[in-house]
Amino acid sequence: MYLTARDPIVLNFNPFMAFNPDPESEYNDQLTRATNMTVSAIRFLKTLRAGLLEPEVFHLNPAKSDTNTFKRLIRFVPSSLSWYGAYLVNAYPLDMSQYFRLFNSTRLPRPTRDELFTDEKARHLLVLRKGHFYVFDVMDHDGNIVSASEIQAHLKYILSDNKPTPEFPLAYLTSENRDVWAELRQKLLSGGNEEMLRKVDSAVFCLCLDDFSIKDLAHLYHTMLHGDGTNRWFDKSFNLIIAKDGSAAVHFEHAWGDGVAVLRFFSEVFKDSTQTPAITPQSQPAHTDSSAAVQKLNFKLNDALKTGISAAREKFDATMKTLTVDFIQFQRGGKEFLKKQKLSPDSVAQLAFQMAFLRQYGQTVATYESCSTAAFKHGRTETIRPASIFTKRCSEAFVREPSKHSAGELQQMMAECSAYHSQLTKEAAMAVRGIVLPDLYLDPAYGQINHNILSTSTLSSPAVNLGGFAPVVLDGFGLGYAVHDNQIGCTISSYPGRNGREFLQCVEKALEDIFDALEGKPIKT
């Protein structure tokens, strides 16, 4: 699906996850954090390739399987039998084949269908700053990590380059329609840029150093989701972005993998860089000749390429201006309270979205929620469709006729929504199969339910400050959310056809009503 899509990947496919600040404020200095996160990312790479990365496991009975005792015992079971040992305690190892594409990988534009490129032998890092491209080795010939002080010295050297942004920033091309970009890339190759493109494509990852500080959450969202187009290589498996004030995020291309794999990497990098940082704010860069170690990539651009870059810039700027974002934090309660009510926290968030859309627009619409199928070999994602007859009935009761229903009746309807949502989630995760394809899939209505007005996704980690993506359709919303222990956070993105701020106000009202009903209080009209 991803590789054959011809739409630009920025906004249409690539999401982002922003890190929380380092708990030690002085470590949020741009050079310090960039060095520490780069070293932590390479540590993760080496652990992964050495086969030492702890497997992802889905624990149905964590009291038995997610324990140090079980982990110690399972180590002594031969690998050919270890799966059965895990199965006996309801622990299911998850597919981790996507991790292969996390490093040294790039999506290459091709006519009609792109391809994924990986070169595990490459040892260099790609750094973008002010639209300029730099590379230097972060591993030596034996595969060892270059000293942190050397990496710090090379990054300091790059940060000291005062050259202005190029008149024709090449990175804009990665935001183009894929067929247009494929044609322009061919011109780049035939124009004598093959070696430099190879260095971009094979780099361990792309580190983007921005020259400004983040002003607020909206600025953070826009910066990490799309930026100004000059300082991202959107085709890279991931861009690690670090602003001048140390605000950091991972922006990733979606064809190679999903949020679960990226979140594991993201969480490990945050933990490693904050708990065992490679350098301190007082560390001095190595005395090394960075001018010799760091190579600046200078691309040869003919008139056709310059025209292509200018056209890409115009489209990029025009599109980004249309995207608006907003946020809420519902502080009244979260996962702990909802679980005490024997409700699925995720089902409550999804019910709030259905209630909000009904209140704002007077109807129920197609809704998408992603669900990992990593329990299967090469599993990606399946769709949970949260809009159901149960959420419709419950939403109408809350929004249209709250006075006609007692708190007990509303609680019963929410319990039905929760049970059905949990069933949908289980069926999606376990990929229920073996049934004949129903005629429904040939009906035009099936196309309509795949026009997802509400596109939703949730990822939760102590490392995540904020995550987001653009709507998947022009008349839709992009909803990122997280149900924490004692609060519920939600981000929204939308185009001019929808009012995101008003929708979030309706979400907040929905959550207030849900919590009132759960506490036995009447619904405020």
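Predicted model: local features only at pLDDT ≥ 70, side-chain atom pairs only at ≥ 80, totals over all residues.

A: Residues are numbered from 1 along each chain as its sequence is written, and side-chain values use heavy atoms, with hydrogens and water left out.

Q: At what angle do α1 and α8 pack?
A: About 125°, with the axes of α1 (residues 30-49) and α8 (residues 259-275) 9 Å apart.

Q: Which residues make the contact?
A: From α1, they include Arg33, Met37 and Phe44; from α8, Arg264, Phe265 and Asp272 are among them. Contact means heavy atoms within 4.5 Å.

Q: Switching to Asp513, is that buried or exposed?
A: Asp513 is buried, at a relative accessible area of 1% (buried means under 20%, with a 1.4 Å probe and protein chains only). Asp513 sits in helix α16, residues 500-518.

Q: What does Asp513 touch?
A: Leaving out residues up to four places away in sequence, Asp513 touches Met355, Arg359, Phe398, Ile523 and Lys524.

Q: And α7, which residues are buried there?
A: In α7 (residues 217-225), Leu220, Tyr221, Thr223, Met224 and Leu225 are buried. Strands that these residues pack against include β1 (16-19), β9 (238-242) and β18 (488-494).

Q: What caps the N-terminal end of α7?
A: Asp216 does, with a side-chain oxygen 3.2 Å from the backbone nitrogen of Ala218. Just after α7, Gly227 has a positive phi of about 60°.

Key. Axes fitted to C-alpha atoms, helices over the stretch in contact; angles between N-to-C directions. Helix = DSSP H or I, 4+ residues; strand = E, 2+ residues; numbered from the N terminus. Buried < 20%, exposed > 50% of the residue type's maximum accessible area, 1.4 Å probe, protein only. Polar contact = N/O pair within 3.5 Å; in protein donor to acceptor, adjacent residues only side chain to side chain.
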